There are 4 protein chains.
Amino acid sequence: MTDSLHQHPSKPRSNDEKQAVVNRLKRIEGQVRGIQKMIDEDRYCVDILVQISAINAALKKVGFSITERHIKHCVSDAILSGEGDQTIEELMDVMKQFSK
Amino acid sequence: MTDSLHQHPSKPRSNDEKQAVVNRLKRIEGQVRGIQKMIDEDRYCVDILVQISAINAALKKVGFSITERHIKHCVSDAILSGEGDQTIEELMDVMKQFSK
Amino acid sequence: MTDSLHQHPSKPRSNDEKQAVVNRLKRIEGQVRGIQKMIDEDRYCVDILVQISAINAALKKVGFSITERHIKHCVSDAILSGEGDQTIEELMDVMKQFSK
Amino acid sequence: MTDSLHQHPSKPRSNDEKQAVVNRLKRIEGQVRGIQKMIDEDRYCVDILVQISAINAALKKVGFSITERHIKHCVSDAILSGEGDQTIEELMDVMKQFSK
């Protein structure tokens, strides 16, 4: 499945950084469970759709913060060592997928 | 939080319908947990972003199937009883939010 | 190219309606020409991207107003004559494409 | 309107590069005019929406190619001169707007 350029970010995430992202993902996980409950209680479609939009927005936010860190470390380091192009093309591919 | 037009869909979801949506949401919940693990293992940013895109796509798919059912039942019933406009405007609002 | 269900909306657009949409599209056309000028003047990439985002937003707005009219007339009429399903599925297909 | 970091890209666009982008924008301009004609001929809503989606996709493609060039030149040059952060944050802002 993965033919990414690397296995790890060029600068390891600190424990604090990890915790911050995991906390946001745990909240999103809770929101997804919340929708299961709404389905179970046969709640109104529009209310469910509003919640799904909220999750999508929250996920995008996580994605953007990961992207920003990626550019500030992995992409920057690749550029500084004269190997930016491949990393930038990899970034563009994932950005295109992300913007769908 | 909610000033939706209704509390429930105009035609209740069957148990099979509920189960099908809940199953998809459980899979999405698992994917969100998978990303937490990836963060924990300090996996490469692009691989994480690919997974986030996959979740967003899966959530949108659930959203579209809920929207389709909503139009086929709630919106249709409102139209048939001569009260379509308000329901259609409510639908448009959520579609706009959804397309962001 | 087209295997749409119809050639025309079930209720013809009035001249005022047509004019309002055409005016918005003319403004968008002007914005697209504006970007050509920015390229020609070798303007900064981010300024160009901001303009492209603005056009995309304006086009989506036109799309949503056409969608709303479509549901209020074509889809509603199909539902009232007991033939809603095919029209709703056609609508969902275009909404999916649109949300990309 | 603009408080961008720069007036021009750090590496000027060549005439060939300019021409390639302008050609794509001219085609998009033609597509926008095509929709005006469709409105004028009172064409079916869904056919118009399909065209609007096509324009949005074409615009996004132009946007992504401008973004890629921006990262390969402006952002890279900023990183190489030790001033990447501000440029990367500017890029993230426009990417967020763009993904809506």
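Student: Where in chain B does D42(B) lie?

Tutor: Keep in mind that this is a predicted model. D42(B) sits in the loop between α1 (15–40) and α2 (45–80) of chain B.

Student: What makes the phi of D42(B) worth a remark?

Tutor: Most residues other than glycine have a negative phi. D42(B) is not a glycine, yet its phi is positive, about 55°. In chain A, D42(A) also has a positive phi, near 55°, and lies in the loop between α1 (15–40) and α2 of that chain.

Student: Why is D42(B) called buried?

Tutor: Buried means under 20% relative accessible area. D42(B) has 9% relative accessibility, so it counts as buried. D42(A), with a relative accessible area of 10%, is buried too.

Student: And G30(C): why is it called partly exposed?

Tutor: The partly exposed class sits between under 20% (buried) and over 50% (exposed). G30(C) has 31% relative accessibility, so partly exposed is the label. G30(C) lies in helix α1 of chain C. If you want a distance to check, G30(C) and L59(C) are 29 residues apart in sequence, with their C-alpha atoms 13 Å apart in space.

Student: What span should helix α3 (residues 84–98) of chain B have?

Tutor: 21 Å, for 15 residues at 1.5 Å a residue. The end C-alpha atoms of α3(B) are 21 Å apart, so the two agree. Among the buried residues of α3(B) are G84(B), I88(B), L91(B), M92(B) and F98(B). They pack against α2 of chain A, α2 of chain B, and α2 and α3 (84–98) of chain C.

Student: What makes I55(D) a buried residue?

Tutor: The cut-off is under 20%, and I55(D) has a relative accessible area of 0%, so it is buried. I55(D) is in helix α2 of chain D. Leaving aside neighbours within four places in sequence, I55(D) contacts L59(C), I28(D), Q31(D), V32(D) and I35(D). R27(D) is 28 residues away from I55(D) in sequence and 9.4 Å away in space, C-alpha to C-alpha.

Student: R69(D) is an arginine. Is it buried or exposed?

Tutor: Buried: the relative accessible area of R69(D) is 10%, against a limit of under 20%. R69(D) lies in helix α2 of chain D. Not counting residues up to four places away in sequence, R69(D) touches P9(D), K11(D), P12(D), R13(D), E17(D) and C74(D).

Student: At what angle do α2 of chain A and α3 of chain D pack?

Tutor: About 145°, with axes 10 Å apart, for α2 (residues 45–80) of chain A and α3 (residues 84–98) of chain D. The crossing of α2(A) past α3(D) is right-handed. Contributors include F64(A), I71(A) and K72(A) from α2(A), and I88(D), L91(D) and M95(D) from α3(D). By type, the contact residues split into six nonpolar, two polar and five charged.

Student: Why speak of a two-fold axis for chains A and B?

Tutor: Chain B superposes on chain A by a rotation of 180° with 0.0 Å of shift along the axis, at an RMSD of 0.0 Å. The two copies are therefore related as by a two-fold rotation axis.

Student: How do you know that chains A and B meet through the same surface?

Tutor: 100% of the interface residues of chain B are also interface residues in chain A, so the same surface is used.

Student: What rotation takes chain C onto chain B?

Tutor: A rotation of 180°, with 0.0 Å of shift along its axis and an RMSD of 0.0 Å. In chain C, S99(C) has the C-alpha nearest that axis, 2.5 Å from it.

Technical notes:
Residues are numbered from 1 along each chain as its sequence is written. Chains are lettered from A and ligands numbered from 1 in the order in which they are written. This is a predicted model: local features need pLDDT of at least 70, side-chain atom pairs count only at pLDDT 80 or more; totals for chains, interfaces and linings use all residues. Side-chain values use heavy atoms; hydrogens and water are left out. Axes are lines fitted to C-alpha atoms, for helices over the stretch in contact, and angles run from 0 to 180 degrees between N-to-C directions. Helices (H or I, at least four residues) and strands (E, at least two) are DSSP runs, numbered from the N terminus. A crossing is left-handed if the near helix is turned anticlockwise from the far one by less than a right angle, and right-handed if clockwise. Contact means heavy atoms within 4.5 Å. Ala, Val, Leu, Ile, Met, Phe, Trp, Tyr, Cys and Pro count as nonpolar, Asp, Glu, Lys and Arg as charged, and the others, Gly among them, as polar. Copies are superposed by least squares on the C-alpha atoms of residues with pLDDT of at least 70 in both. Buried means under 20% relative accessible area, exposed over 50%, partly exposed in between (1.4 Å probe, protein chains only). The expected span of a helix is 1.5 Å times one less than its number of residues.
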